[in-house]
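Thanks for making the time this morning. I would like to walk through one model with you, and I will give each cut-off when its term comes up.

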Amino acid sequence: MSTEVAEKKVNPMRQVRVEKLCLNISVGESGDRLTRAAKVLEALTGQQPVYSKARLTVRQFGIRRNEKIACRCTVRGQKALELIEKGLAVKEYELRENNFSNEGTFGFGVDEHIDLGLKYDPSIGIYGLDFFVILSRPGRRVSQRRRAVASVGKGHRVSKDDALAWFRGAYNGVVLPPKSKK
């Protein structure tokens, strides 16, 4: 009986995991540069990217409403973990505290896609991309399903502290203090 008390059982429903990884390349214009950016995302993920449209017309930037200006991809499972590993290796496993949101998600950017292991192609060029990682616990589906929808309790949601602890534990990452605002 004393050995059972000594061994603390880990609740499998409390384990934090990666739900999905969202990759985004924002070009700011439609046309050839956007299709080349989509090729980069397709080579990186093996999936067909989706195009994002501009919500408003901004004359200073030369974009019109409903013009395609970015492409994005959502990756789940083992492929997402591999891409997160590559992206964090580029950042040397160092993120700032303000990269983490209060809902337990975090994001960072990579300046050059060739740092992720893709070969440089002069016809495509070099693109930077944004990584956005959504963390969750098992049981989050009750808030997403169609039938018998329920809310996830406050104690079961992933908080900023949970995300920071997961990042430090899973990747042995370093969390730097936020940049001072001037």
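A word on conventions before that. This is a predicted model, in which local features need pLDDT of at least 70 and side-chain atom pairs count only at pLDDT 80 or more, while totals for chains, interfaces and linings use all residues. Residues are numbered from 1 along each chain as its sequence is written, and side-chain values use heavy atoms, with hydrogens and water left out. When I say helix or strand, I mean a DSSP run, H or I over at least four residues for helices and E over at least two for strands, numbered from the N terminus.

As for the pairings themselves, strand 1 and strand 6 run antiparallel and are joined by 7 bridges, and the bridge partner of Lys 20 in strand 6 is Ile 134. Strand 1 is also joined to strand 3, by 6 bridges and again antiparallel, with Cys 71 in strand 3 as the bridge partner of Ile 25. Between strand 2 and strand 3, which run antiparallel, there are 4 bridges, and there Ser 52 has Ala 70 of strand 3 as its bridge partner.

Turning to the helices, helix 3 has 13 residues and reaches 19 Å from its first C-alpha to its last, close to the 18 Å expected, the expected span being 1.5 Å times one less than the number of residues. Its buried residues are Ala 80, Leu 83, Ile 84, Gly 87 and Leu 88, where buried means under 20% relative accessible area, exposed over 50%, and partly exposed in between, with a 1.4 Å probe and protein chains only. They cover an arc of only 130° around the axis, which puts them on the same side of helix 3; the arc is that of the directions from the helix axis to the C-beta atoms. Just after helix 3, Glu 92 takes a positive phi of about 60°.

Helix 4, residues 160–171, buries Ala 163, Leu 164, Trp 166, Phe 167 and Tyr 171. These cover an arc of only 160° around the axis, and therefore lie on the same side of helix 4. What covers them includes helix 3, strand 1 and strand 6, whereas the face turned away from the buried side carries the exposed residues Asp 161 and Gly 169. Asn 172, which follows helix 4, has a positive phi, near 55°.

Next, the salt bridges, of which the structure holds 4; the criterion is a side-chain nitrogen of Lys or Arg within 4 Å of a carboxyl oxygen of Asp or Glu. One of them joins Arg 140 and Glu 19 at 3.0 Å, N to O. Arg 140 lies in the loop between strand 6 and helix 4 and Glu 19 in strand 1, so the pair ties together parts that are 121 residues apart in sequence. Another pairs Arg 137 with Asp 162, the closest N and O atoms being 3.2 Å apart. Arg 137 counts as buried, at 5% relative accessibility, whereas Asp 162 is partly exposed, at 23%.

Finally, where does Arg 64 sit? Its place is in the loop between strand 2 and strand 3, and Arg 64 is exposed, with a relative accessible area of 55%. Leaving aside neighbours within four places in sequence, Arg 64 is in contact with Ala 54, Leu 56 and Thr 57. Thr 74 is 10 residues from Arg 64 in sequence and 25 Å away in space, C-alpha to C-alpha.

Notes. Contact means heavy atoms within 4.5 Å. Two strands pair if DSSP finds at least two bridges between them.
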